[in-house]
Amino acid sequence: VCSSDLANDLIAPVDGVRRQRVYLFSGTKDTIVSPKAMASLYEFYQAAKLPKANIVYDRRVPAGHAFISTQLGNDCGATAAPYIDRCTVRGAPYDQPGRILKHIYGALSARATQLSSAPAAFDQTAYAAPSARMASEGYVYVPQSCQSAGAHCAVHVVFHGCGQSADKVGDDVYAELGYNQWADSNGIIVLYPQVTATTTLNPLTTNPIGCWDWWGYTGGYPYLRSSPQIRAVKAMVAGLEAQP
C-alpha cells in the first residue's frame with residue numbers, strides 16, 4: 001500500500017527506465033556476484049515493462065567475475081587480476097565491447113584495426129569534489145574524426161570495476177579492453193573515469209581496492225543523481241559535449 005504522492009514519485013523514474021537500452025551479463029563461473037542477483041535485476045526490468053528488444057541478457061558465457069575482451073585477459077572462467085577474461089562462444093571470441101556498443105547505438109562499422117588517436121589523461125579534480133574520492137586523473141579516448149570542429153560524436157562512459165583502476169592494472173581497461181577500436185571507426189568518444197583506493201579506520205568509508213561507491217563510502221546514498229561521483233561524471237560528459 002502506498003500513497004498517491006509516493007506512487008507518482010515511483011512511476012516517473014520507471015517511465016524513464018522504459019526508454020533505456022540495457023545490457024546485462026552474468027558469467028556462469030562468477031563467484032563474486034551470484035547469477036541470482038543479475039536474474040533479479042532482469043526481473044526488475046521485466047516488471048518495469050522494458051521492451052524486449054531493449055534488453056540483452058547474456059548469462060551462458062562460462063566467464064568468471066570479469067570484463068570480456070578479445071584482446072587480452074585470463075582464460076575464460078578466471079576471477080583474477082586484471083579481472084578481464086577471454087572467452088569463446090559458438091566457436092568465436094566473445095567481443096563484449098562490440099556487443100554492448102551495437103546494442104546501444106545500433107549497427108556499427110567494423111572495429112578499427114589501427115587507432116587514429118590514443119587515450120589521453122585529464123585532470124579529474126576540475127570536475128570532482130574532494131568528497132567524491134576519485135583519482136586525480138581520468139582517461140578519455142577521442143577518435144581523430146571527433147577532434148574536428150563541428151563533429152557530432154556520442155560519448156560513452158566505461159566504469160572500471162573494483163581492482164581495475166589505472167593505479168591497479170595500468171592501461172588494461174582504458175587502452176586495451178577493446179572499446180577504443182569500435183569507437184574509432186564509429187565516431188564515439190569513450191570516457192574512462194577513475195576512482196582511487198583509500199583506507200580509513202571506519203569500515204563504511206574505506207575503499208581499499210578502488211571500487212565505485214556502491215555502499216556509501218562518499219556519504220549518503222551512492223546512486224542518487226546528487227551523489228558526488230555521479231555529479232562528477234556528469235560534469236565530465238558535459239565538458240566533452242561542450243568542446244567545439
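I began with helix H6, residues 228–241, which has 14 residues and reaches 20 Å from its first C-alpha to its last, close to the 20 Å expected at 1.5 Å a residue. I note at the outset that this is a predicted model.

I then looked up which residues of H6 are buried: they are Pro228, Gln229, Ala232, Val233, Met236, Val237, Gly239 and Leu240. In an α-helix, residues three or four places apart point the same way, because there are 3.6 residues a turn. I next asked which strands the buried residues of H6 pack against. The partners are S8 (120–123), S9 (137–141), S10 (154–157) and S11 (188–192).

**Confidence**

I checked the confidence of the chain. The average pLDDT is 91, and 94% of the residues score at least 70. Residues 1–11 have a pLDDT below 50, and I found that this stretch has 1 contact in the model beyond near neighbours in sequence.

**Sheet**

I traced an open sheet of 3 strands, ordered S3-S5-S4, with parallel pairing. Its edge strands are S3 (67–68) and S4 (74–75), each of which pairs on one side only. Between S3 and S5 (residues 84–86) I recorded 2 bridges in the parallel sense. Isoleucine 68 stands opposite aspartate 85 in S5.

**Cores**

I turned to the largest nonpolar core, which has 27 residues. Phe25, Tyr94, Tyr179, Val190 and Tyr192 have the most contacts inside this core. At least two of its residues come from each of strand S1 (22–25), helix H3 (96–105), S9, helix H4 (166–169), helix H5 (179–184) and S11. Another core, of 17 residues, lies apart from it, and includes Ala132, Val140, Trp212 and Ala232. Ala232 is also among the buried residues of H6.

Is phenylalanine 25 buried or exposed? Its relative accessibility is 13%, so phenylalanine 25 counts as buried. Leaving aside neighbours within four places in sequence, phenylalanine 25 is in contact with Met38, Asp58, Val61, Ala63, Ile68, Tyr94 and Gln96.

**Ring pairs**

I found 9 aromatic pairs in the structure. Tyrosine 23 and phenylalanine 25 form a stacked pair, at 6.5 Å centre to centre with 10 degrees between the planes. Tyrosine 23 counts as buried because its relative accessibility is 17%, under the 20% limit. Ring pairs join Tyr23, Phe25 and Tyr94 into a cluster.

I also looked up tryptophan 214 and tryptophan 215, whose pair is edge-to-face, at 4.8 Å centre to centre with 75 degrees between the planes. Tryptophan 214 has a relative accessible area of 52% and is therefore exposed. Tryptophan 215, at 29% relative accessibility, counts as partly exposed.

**Alanine 110**

My last entry concerns alanine 110, in the loop between H3 and S8. Why does alanine 110 count as exposed? The reason is its relative accessibility of 60%, since exposed means over 50%. I then asked which residues alanine 110 touches, not counting those up to four places away in sequence. They are Trp182 and Ser185. Alanine 110 and serine 185 are 75 residues apart along the chain, and I noted 7.0 Å between their C-alpha atoms.

Definitions and conventions: Residues numbered from 1 in each chain as written. Predicted model: local features only at pLDDT ≥ 70, side-chain atom pairs only at ≥ 80, totals over all residues. Heavy atoms only, no water. Pairing = 2+ DSSP bridges. Helix = DSSP H or I, 4+ residues; strand = E, 2+ residues; numbered from the N terminus. Expected span 1.5 Å × (residues − 1). Buried < 20%, exposed > 50% of the residue type's maximum accessible area, 1.4 Å probe, protein only. Contact = heavy atoms within 4.5 Å. Core = buried A, V, L, I, M, F, W, Y, C linked by side-chain atoms within 4.5 Å. pLDDT = per-residue confidence, 0-100. Phe/Tyr/Trp six-rings, centres within 6.5 Å; stacked < 30°, edge-to-face > 60°.
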